[in-house]
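Please look over the sequence and the 3D structure below. A short report follows, one topic at a time.

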Amino acid sequence: MAGGFGAARLACGERLLQRRLVDLLPLNIGIRALPPPFEVAPLIEAMWWHPVYDADPEHAYLRDVLTKAARQAIGPADTEVQHS
């Protein structure tokens, strides 16, 4: 497999990958993005946890790391933090 990417195995057949993940892959591994033949709803990624962990320092650290990684990967406009 070119470049050692396991994504080629994931995307073969009729499996789906998010467009933004396909865009991050090298051009020479044979994966291309095609428009889906059906209406696709927006993908909403969220973190959920039990309220007992709201003030837990380790849990807060992990949430912060994941939020920063998401902002770095897709930009701040798409990573609104909503508290319920």
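## One salt bridge

A salt bridge is a side-chain nitrogen of Lys or Arg within 4 Å of a carboxyl oxygen of Asp or Glu. How many does a search of the whole structure find? The search finds 1 salt bridge. Side chains of opposite charge can pair when their charged atoms come close.

Here, the side chains of aspartate 64 and lysine 68 meet, with N to O at 3.1 Å. The two residues are separated by about one helical turn, because they sit 4 residues apart in helix α3. Aspartate 64 counts as partly exposed, at 36% relative accessibility. Lysine 68 is exposed, at 51%. The cut-offs are these: buried means under 20% relative accessible area, exposed means over 50%, and partly exposed lies in between (1.4 Å probe, protein chains only).

## About the model

This is a predicted model: local features need pLDDT of at least 70, side-chain atom pairs count only at pLDDT 80 or more, and totals for chains, interfaces and linings use all residues. Residues are numbered from 1 along each chain as its sequence is written, and side-chain values use heavy atoms, with hydrogens and water left out.

## The whole chain

The chain has 3 helices and 0 strands. Its elements run α-α-α from the N terminus on. Helices (H or I, at least four residues) and strands (E, at least two) are DSSP runs, numbered from the N terminus.

Of the 84 residues in the chain, 11% are buried. The chain exposes about 7600 Å², and carbon and sulfur atoms supply 59% of that area. Accessible areas come from the Shrake-Rupley method with a 1.4 Å probe; for residues, only the protein chains shown count as cover. Now take contacts (heavy atoms within 4.5 Å). Among those between residues at least 6 apart in sequence, 22% join residues at least 24 apart.

## Helix α3

Helix α3 covers residues 57–74, which is 18 residues. What span should it have at 1.5 Å a residue? It should span 26 Å, and its end C-alpha atoms are 26 Å apart, so the two agree. The expected span is 1.5 Å times one less than the number of residues.

Aspartate 56 caps the N-terminal end of α3. One of its side-chain oxygens lies 3.2 Å from the backbone nitrogen of glutamate 58. This is a polar contact: a pair of N or O atoms within 3.5 Å. Within protein, one atom must be able to donate a hydrogen and the other to accept it, and residues adjacent in sequence count only if both atoms are side-chain atoms.

Is threonine 67 buried or exposed? Threonine 67, in helix α3, counts as buried, because its relative accessibility is 16%. A polar atom of its side chain lies 2.8 Å from the backbone oxygen of arginine 63.

Alanine 46 is found in the loop between α2 (19–24) and α3. It counts as exposed at 52%. Alanine 46 and threonine 67 are 21 residues apart in sequence, and their C-alpha atoms are 9.9 Å apart in space.

Met47, Tyr61, Leu62, Val65 and Leu66 form a nonpolar patch on the surface. Together they have about 470 Å² of accessible area. Patches are made of residues with over 30% relative accessible area and no salt bridge; like charges are joined within 9 Å, and nonpolar side chains (Val, Leu, Ile, Met, Phe, Trp, Tyr) within 5 Å. Leucine 62 is found in helix α3 and is partly exposed, at 46%.

Alanine 73 also lies in helix α3. It counts as exposed at 64%. Alanine 73 and arginine 20 are 53 residues apart in sequence and 9.5 Å apart in space, C-alpha to C-alpha.
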